[in-house]
Amino acid sequence: MRFRMRASLTAALSMAVGALGAGLAACGAVDGAAEGADYPERIVLADRSNKDSYHPASGYSQTGISPVCDGLLRPSPDNGPDQIPALVPALADGEPRANADSTDWTVKLRRGVTFSDGSEFDAQDVKATYDVARDSDRGSEISYLFDTVRQVEVVDPHTVSFDLTESYRGSASSLNIAIARYF
């Protein structure tokens, strides 16, 4: 009996390893390469987390590092491995501007940016993303990071303003979460 179980387990394990090997071999193919190009037009990412973890309110890309989405700012790789990276504009069109007491931060947005569905990126997308990220009642797992943000306002289609509850000179560090499309 013990030998039969061991043989069955070995056979099942062998089949699973064979299927995994075949699947991994298929991953090496360069399918979808543009005609005349040596790179794929499409990339498929795999992650052991569930699909909901890619939403900015779940904390996805809260460090500003993502192969999928951009934030207003991102860490610069130029500082070297032993230094805290400076934040540089990603979807922002320049550095955020703070008022005299750092209770209001204004961010101009890059023009000509589109989402993968072709829709244009604008200030409403930023406001909607931060409104959800700040609201634990809507499922945000990172709302505590934005306790000092009283409100995000759309100034115009390419400008947003962050109204803070208190002076906070480090507010720029909160501007690197991934921006989602507003529907």
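Which residue stands opposite W105 in β4? That is A98, and the pair is a handy way into this fold. A word on ground rules: this is a predicted model, where local features need pLDDT of at least 70, side-chain atom pairs count only at pLDDT 80 or more, and totals for chains, interfaces and linings use all residues. Residues are numbered from 1 along each chain as its sequence is written, and side-chain values use heavy atoms, with hydrogens and water left out.

Let's start with the sheet. It is open, with four strands in the order β3-β4-β6-β5 and antiparallel pairing. Helices (H or I, at least four residues) and strands (E, at least two) are DSSP runs numbered from the N terminus, and two strands count as paired if DSSP finds at least two bridges between them. At the edges sit β3 (97-98) and β5 (149-156), each pairing on one side only.

Now walk across it. β3 and β4 are joined by two bridges in the antiparallel sense, and they make a hairpin with five residues between them. In that turn, S102 has a positive phi of about 55 degrees. Next, β4 (residues 104-108) runs antiparallel to β6 (residues 159-164), with five bridges between them. Here W105 has F162 as its bridge partner in β6, while V107 stands opposite V160. Finally, β6 and β5 share six bridges, again antiparallel, and form a hairpin with two residues between them; D156 is partnered with T159 there.

What packs on this sheet? Helix α2 (residues 123-133) does, touching β5 and β6. Its direction makes about 170 degrees with that of β5; the axes are lines fitted to C-alpha atoms, for helices over the stretch in contact, and angles run from 0 to 180 degrees between N-to-C directions.

Leaving aside neighbours within four places in sequence, V107 is in contact (heavy atoms within 4.5 Å) with residues including L72, A92, V160, F162 and L175.

V107 also belongs to the largest nonpolar core, which has 24 residues. Such a core is a set of buried Ala, Val, Leu, Ile, Met, Phe, Trp, Tyr and Cys residues joined through side-chain atoms within 4.5 Å, where buried means under 20% relative accessible area with a 1.4 Å probe, protein chains only. Among the residues with the most contacts inside it are V107, F121, Y130 and F162. β4, α2, β5 and β6 each supply at least two residues, and α2 gives the most, with four.

Conventions:
Buried < 20%, exposed > 50% of the residue type's maximum accessible area, 1.4 Å probe, protein only.
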